[in-house]
Amino acid sequence: MQTKNHKKKPLETLVHGIFLVLGLVTVGCVLLITVYLVISGIPAIREIGLVKFLFGKEWRSTASEPSFGILPFILTSVYGTAGAMLLGVPVGFFTAVYLAKAAPPKVKTVVESAVGLLAGIPSVVYGLVGMLVLVPGIRKIFNVPDGASLLAAIIVLAVMILPSIIKVSVTALEAVPKEYEDASLALGATPVETYFRVSVPAAKSGIAAAVVLGVGRAIGEAMAVMMVAGNVANMPSLFQSVRFLTTAVASEMAYSSGLQRQALFSIALVLFLFIMLINAALNLLLKRGNAK
Amino acid sequence: MKKTIATVIAAILVFSLFAGCNSKTPSNETSVSGTTSGGKTLSGSVSTDGSTSMEKVIGALGEAFTAENSGVNFTYNPTGSGSGITAVSEGRCDIGLSSRALKDEEKATGLKETVLAYDGICVIVNTGNTVANLTLDQIAKIYTGEIKNWSELGGTDGEIVLIGREAGSGTRDGFEAITKTEDLCQYRQELTSTGDVITTVSQNPGAIGYASLASVKNTVKALSVGGVAASEATVKDGTYAIQRPFVLVTKEGKTLSEAAQAFFDYITSAEASEIITAAGAVSVK
C-alpha cells in the first residue's frame, strides 16, 4: 500500500505539470499576440501622430503624399456593428424566447439544428452569397448604381451574428428555475406574460452576454464583409462603398510595404483594443450574473 | 498500473503533437517535383515567391523545368509582388516574382530586375455594354470621375461604376501608372483579387474594371484601347497601350545556388518563351 502511494506521487506531479504546460500555451499565445501587436503597432502611430491617425478623415496609403487617417474605418466598424445589432438582436432574441419556452419539441429540434448549421457556415460562403445575390439585389431594389455598400455588410453581419445570439440566449433562458415560471402562472399570468415578465428578466445577464458576443463577432468579421462592402475608404453612408477596420488590414496587407504596413499593424492594434473592451464588458456582465 | 499506461500514452500523444509541428510545411506552397529523369544530374531546390498574377506562368515554367531535372524541388509561394520582393531581399527565397517594375528605393537596396514577360491589362465592361472602344485619355477621365455616365461615351444612359484593385496591388499600380491616374481614381469598389473584379463587372451593367489579359474570359467584354484590341500580338508589338512587365527579382552580387541559376537561365531562354506564351503572357523573346 505504502509503496503504491509512493509510486503514485511523482506521476501525479507529472500529469499536473503536463496540464499546466498545456494551459500556459494558451496564455503564452495571447501574451505573444498582445506584445507583438503593441510593438509593431506603436511605431506608425508615433510617426503619424495619434490624433492624426485616429481622427484623420483621409486614408491614402500608397499616394505620393500618403495620409493615414482611420476615422472612416472606425466609424464604419461602429455603424456597421450597430446596424447589424439593430437587425440581428430583435430577431435573435425573439427566436431564443420562442425556442426556449414556447416551441414544440419537434420544431425546436429543427430550428436549433438549422441555427447550428448557420454557425458552421464559413464566412467566405456568406460573402460569396452576399456578393452574388445580395449586392445585385440591393442595386435593383434601391435603384443605386452599385449594391456593394454598408447596407449589404450590415445585412450579412446581422445573419452571421444570429447563431451566437440565439444559442447563448437559449441557454440562459433555459437555466431560469422552473419554480419562477410556475409561480407566475399560478398567480394567473398568461404564458406570454410569464416569458417576458419573469423568464427574460431572470435571464437578462445571459442575454446581455449573448448580445455582447454578437458585437464581438460582428466587429471582428473580415472575409464576408470584404466581399460585399466595396472596400473604399469613404466616410460611412448606407449606400456608399465603405471599409471596416478588419477589411482595411486584410485588403492591403498582401502588397503593403514600409509605413503602410506599419500603419496596418496600428489598425490591428486599434481593432484589438476594441475587442478587449468588448471582452471586458462580457466578463463584467457574466460576473454580475453569477453574483446574483 | 492502468493509470501508468494511460499517463505514458498521454505523454506520448502530447510530445507527438509538438513533433508534428516541426514537420509542418506551409499549405499554400505549390510543390512540383519532376517525374522523368533528364540528362543532367542537377539537384537542390529552387524557391520562388511573389506576384499572384504570375502564378500561371511560373507554374508552367516550374513544371517544365522539373520535368527535365527530376532532382530539383521547385516551390512557388503566391504572396503578392511586395511580399515576393521582401522575401528575396531577406533571403527567404531564391527568385522573387513581381508584376511591376522595381521601385528606385527597392533597387537601392541591392535588388536586380530581369523582365521575364509582359502582361496586358484589359479594360473590361459588362457584356451588355454597347461601348466597344475607348482612348487612353477617356479611360483616365472615367477613372478620375470626369466622365460619369456611359451616354457621354456613346453608350446607353447609366452611371459608370468604377471597379478597381486594392492599394498596393500590382495590377492597380500598373493600370494607374499607364493611364496616369495615380492617386486620382474615384473607385466605387476596391476588390482584392482579379476574380472578384471580373465577377463584379459581369454582375453590374454599369461597371468598368481592369484585369490581366490571361484571366479575362467571355463572362465580360474587353474593350479596345485607342482602336487596338487587347491580345498577345498587340501586347508584344507594343501597340496595345496598357501592359506591364513580369519581373524576376534577384539580389545584386549574391550568386544563386546551382539549381536556381539553372532555372533562371532556363526560363529566360528562348526555349521557355513557348511555355510563357502558352500560359497566357507575352514573352520578351
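**Exercise 1.** Determine the handedness of the crossing of α5(A) and α7(B), and state which residues make the contact.

*Solution.* The crossing of these two helices is right-handed; this term applies if the near helix is turned clockwise from the far one by less than a right angle, and left-handed applies if anticlockwise. The model is predicted, and local features need pLDDT of at least 70, side-chain atom pairs count only at pLDDT 80 or more, and totals for chains, interfaces and linings use all residues. Residues are numbered from 1 along each chain as written, chains are lettered from A in the order in which they are written, and side-chain values use heavy atoms, without hydrogens and water.

Step 1. On the α5(A) side, the contact (heavy atoms within 4.5 Å) is made by M131(A), L132(A), P136(A) and R139(A); on the α7(B) side, by D196(B), T199(B), T200(B) and Q203(B).

Step 2. These residues divide into three nonpolar, three polar and two charged. Ala, Val, Leu, Ile, Met, Phe, Trp, Tyr, Cys and Pro count as nonpolar, Asp, Glu, Lys and Arg as charged, and the others, Gly among them, as polar.

Step 3. Axes are lines fitted to C-alpha atoms over the stretch in contact, and angles run from 0 to 180 degrees between N-to-C directions. Helices are DSSP runs (H or I, at least four residues), numbered from the N terminus.

Step 4. Angles under 35 degrees count as roughly parallel, over 145 as roughly antiparallel, 65 to 115 as roughly perpendicular, and the rest as oblique.

**Exercise 2.** Describe how α5(A) and α6(A) cross.

*Solution.* Step 1. Their axes come within 10 Å and cross at roughly 140°, which makes α5(A) oblique to α6(A).

Step 1. The crossing is right-handed. Among the contact residues are Y126(A) and L134(A) of α5(A), and I155(A) and V159(A) of α6(A).

Step 2. By class, the contact of α5(A) with α6(A) has ten nonpolar, two polar and no charged residues.

**Exercise 3.** Describe how α4(A) packs on α6(A).

*Solution.* Step 1. Helix α4 (residues 105–120) and helix α6 (residues 150–174), both of chain A, pack at an angle of about 135°, with their axes 8 Å apart. The pair is therefore oblique.

Step 1. The crossing of α4(A) and α6(A) is left-handed. Its contact includes K108(A) and E112(A) of α4(A), with V159(A) and K167(A) of α6(A).

Step 2. Eight nonpolar, one polar and four charged residues form the contact of α4(A) with α6(A).

**Exercise 4.** State the domains of chain B and the distance that separates their centres.

*Solution.* Step 1. Domain 1 comprises 41–118 + 245–283 and domain 2 comprises 119–244, with bounds from an automatic or database domain assignment.

Step 1. The centres of the two domains, taken over C-alpha atoms, are separated by 28 Å.
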